[in-house]
Amino acid sequence: MKQRLKNIFYSFSVQLVLLHFKKFQVLLVFWWILFGAVGGFFMQAFGVNSLYLAPEYLDRVNALSAFFVGASIGIFIMSWNITTFILFCRHFKFLATTSRPFLKYCINNGIIPLIFLCFYFYKAIQFDRYKELITTWNMLVLTSGFLLGLIFIVIISFLYFFRADVTITRKMVAVINKPSDFKLAFKPQVALTSGGSRLIKVTSYLNSFFSTKPVRDVSHYSANFIETIFSRHNFAAMLSIFFAFVFLIIVGFFLDNSYFQLPAAASITLFFAILVAVAGAFSYFLQSWSVPFFVILLILLNVLYRYEVIDPTNKAYGLDYNKSIPRTVYDNESLNQMASPANTAADYENMVTILNQWKARQSSSKPKLVLINVSGGGTRSATFTLSMLQRLDSLCEGQLMDKTFMITGASGGMLGAAYFRELALQKKQIPSINLQHPMYVNDISKDLLNATFSSFVARDLASPAQRFKVGEYSYIKDRGYAFEQKLSENTRGLLNKQLKDIAPLEKKAAVPLMLFNAVITRDGRKLVIGTQPMRFLMKPVHDSTLSVAPDADVVDFASMFTLQNPMNLRLLTALRMNATFPYVLPNVWLPSTPVIDVMDAGLRDNFGQEIALRFVDVFKKWIDENTSGILLIQIRDRKVGAWDSPFESEAISELITKPMLLLQFNWYKMQEYTQDNLVSLSQQLLQQPFYKLTFQYDTNKKESRAALNFHLTQHEKIDIKASLDNEINSSVYPGFSALINNADTVSIKN
C-alpha cells in the first residue's frame, strides 16, 4: 500500500499539479477566477455565475449558447496546456521519446481541468433547475451542447497536433537514419529515474486514459536531439495560438452582426485564454527579464499615450472632438464664471417658462409637482423601474408621464425610465399601444453583457480600429458602442435619438425633463446632461451677504461644451455615461482643457435624489406660488436602510481589509443618510407639503435577490415582478393614488 501511494505521488500527473504551484503560479490565478465565477464566490453580487451557468446567445439560453461556452472553455484548457507545455516540457525529457508528446502531456495535465468540469456540471445543474427554472430535458440538451463544444475544440486541437507530430517524426527519423548524424543523436545509456527533470521526481506517466508506463531512460539521446523535438512542438503550439488570435480579429470585424456576439462567459473565457498565452510567452522568451520588460513596456505606452500617438479613450458619440475648435478650460475660475448670476438668471427664466407650460397642461390650477427619482442597479433596476412605472401609470389611468415634470436618477434605473418615457410618447402618436404590456419589461430585461464583452475581447483587444459616424463626426467602435447598439436593439430603436430630437418636446413640457448624471473622476463633481441649460444647478443656493459663495460642484454639460455641438449627443450615449459601470463599460472622455472623463452617476448619487432636491431648492418660490406641493416618487432597487445586510467581520483577515472595504460596503447607506437629511430640510423650508413615496425592490430570500449587472436569470425576472406587490409597496399604492389625483392630505405609510 505504501509503495502504491508512493508510485501515485511520483506519477507525472500528480507531480505536474505540484509543479504548477511551485512555478508560474500566476497561471493558476485564471483557474481560481473560473472556479470562483462558476461557484458564485467571485463577484457574486454582480451575477457572474449566471453568465457561465445559463449563457445566452441571440437572447436565448439553449444548446447553441452552451456550445459556445463549452468551446471557449475548451480553448482555455488547450491554451493552458499549450502554454504550460512550452514552459515545462524541457524539464521532462522523456516526453521527447513518446509517440505523441503533446497528447501525453495533456492527458497527464488533466487533473485541474477535470476537477473544474465536474464542479461546473454540478453547479450548472443546480443553477439551471432553481434559478433558470429549466426542465430536466432542457438541462440535458444544455449539457450536450456544452460537451459538444468542448469536445469539438479538443478534437480540432489534437488533430492539428497529430499532424504536427507526424511531420516532426518524419524529419527526425530522416536525421537519425543518416550515418553521419548517428553519433549526434545517441549517447551511451545512463539510468535517470527522474526522467531528466531537475525540479521534481517522476517515475511513471499516463500513456492513455487507462494505462500507465514507467518513465523511459533518455540519457542515451543527445541534448541536441531532444531540444530539436521540443522546439518543433513549441513552434506548432505558438502557431495554434496565433491562429486563435487571427480568429478573434475576424470576429471583431463582423461584430455588428448579432450572430457574432458570443455569450458573455465565452468572451470572458477567450480573454483569459489569450492572457494565459501572453503570460506564458513573457515567461518563456524573457524568463528573468519578464518584469523589467513589462515595466519598460508600460513606460513606452505611457509616453505614446501622453503625446497622443495612441488613443484608447472612449468618446461621447455626437460631440465634436476637433482640436481646432476652442475648448473650455476646466478649472474653478471657468466654472464659477459659467455659473455667474447673469447666466443662472437666464437659465432660471427659461426653466420657469417650461414649468408654466407644464402647469398649463394639468387639470388642476394648483397641481402637485411630480418628480421621479430612480436608482442605479444595472438591468435589475432597469427592469424594476419600468415595471413600477407601468404599475403607477395604470393607477393614474395612463397620465403618469403627463403629470410628471422631471425624472432624475442613476445607471440602470434611467435605462428603464427613458424607455418608458419614449413608449408613452409613442402612445400619443399610436393610441393602440398598451403601455402595461409585459413585452416592454421583457425588452428592457434582455441581456446587455454578451455584446459588451464580445466587443471587449474581439474588438477592443484584438481587431484593428473600426470607425462609425454620428452625423459628420467619426468615432472608434468599442464595447461602449456595442453596449449602445444592443440597448437600442432591445428597446426597438426608440432610444436611438439625439438630444436635439428631444429638446423641442422638453421645451414645451410635452414630455418630462430627464437629467442624466455622471461623475467627473478628476474631482468628483457631477456632470448634468440635459436638453435645457441648467447653470442654476451648478452651485448650492446661498445668500452671498451671509457667506462666501461656494465653488461649483455641478457642471452643466450643454454650457461646458457649447462649441462642441452638445445637442448632437446621442441619447444612448447620455444613458451610457449615466451608467458607466467601472471596467464593464469604458469611461467617457470629454473635449475640455485639460481633458476630463466621467463614470457612473451612482458614485455620487445612486438614487437620483440629490439633483432633484437642489432643483426644488432653486424653484421653491415658484413651487409655493403655483403648486399644492411636491410629490417625490423614489423607485429604488434596494431596501431602505438595508439593516439586514450589515458589514460584518467574519474572518481574521478582515481586521486588515475592513478599513479599506468599509466605504465600499456602506457607500449607498451613507448616501441615503445624507439625502434623508436633505429631504427633511426641504420639507421644512417649503410652504407647501413635500410628500415622498418610496417604492423598492425587495425579496424575502437574500440568496434569490437579483444580481447587480446587465444580465438577469428567469428566476430573477419573476422575482422582480413579484416584488411589485410586496408588503412595502402595497402599503404605498393607496397614498400614491390619492396624491397623484391632487389630494390635499394623505397619511403616508412607507
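**A helix pair and its surroundings**

Tutor: The protein chain has 28 helices and 14 strands, where helices (H or I, at least four residues) and strands (E, at least two) are DSSP runs numbered from the N terminus. This is a predicted model, in which local features need pLDDT of at least 70 and side-chain atom pairs count only at pLDDT 80 or more, while totals for chains, interfaces and linings use all residues. Residues are numbered from 1 along each chain as its sequence is written, and side-chain values use heavy atoms, with hydrogens and water left out.

Two packed helices are described by the angle between their axes and the distance between the axes. Axes here are lines fitted to C-alpha atoms, for helices over the stretch in contact, and angles run from 0 to 180 degrees between N-to-C directions.

The pair to examine is helix α5 (residues 63–88) and helix α7 (residues 111–130), whose axes come within 11 Å and cross at roughly 160°. The two helices are therefore roughly antiparallel; angles under 35 degrees count as roughly parallel, over 145 as roughly antiparallel, 65 to 115 as roughly perpendicular and the rest as oblique.

On the side of α5, the contact (heavy atoms within 4.5 Å) is made by V69, I73, I77 and W80. The partners from α7 are I112, P113, F116, L117 and Y120. By class, this contact has 9 nonpolar residues, no polar and no charged. In that count, Ala, Val, Leu, Ile, Met, Phe, Trp, Tyr, Cys and Pro are nonpolar, Asp, Glu, Lys and Arg are charged, and the others, Gly among them, are polar.

W31 joins the picture from elsewhere in the sequence. Leaving aside its neighbours within four places in sequence, W31 is in contact with F76, I77, W80, I112, P113 and F116. W31 is also one of the residues that touch the most other members of the largest nonpolar core, together with Y120, L527 and L590. That core has 157 residues, and α5 gives the most to it, with 13 residues. A nonpolar core is a set of buried Ala, Val, Leu, Ile, Met, Phe, Trp, Tyr and Cys residues joined through side-chain atoms within 4.5 Å. Buried means under 20% relative accessible area, exposed over 50%, and partly exposed in between (1.4 Å probe, protein chains only). A second, separate core of 30 residues includes F405, I611, L632 and F690.

Finally, the chain as a whole. Of its 750 residues, 53% count as buried. Among contacts between residues at least 6 apart in sequence, 79% join residues at least 24 apart.
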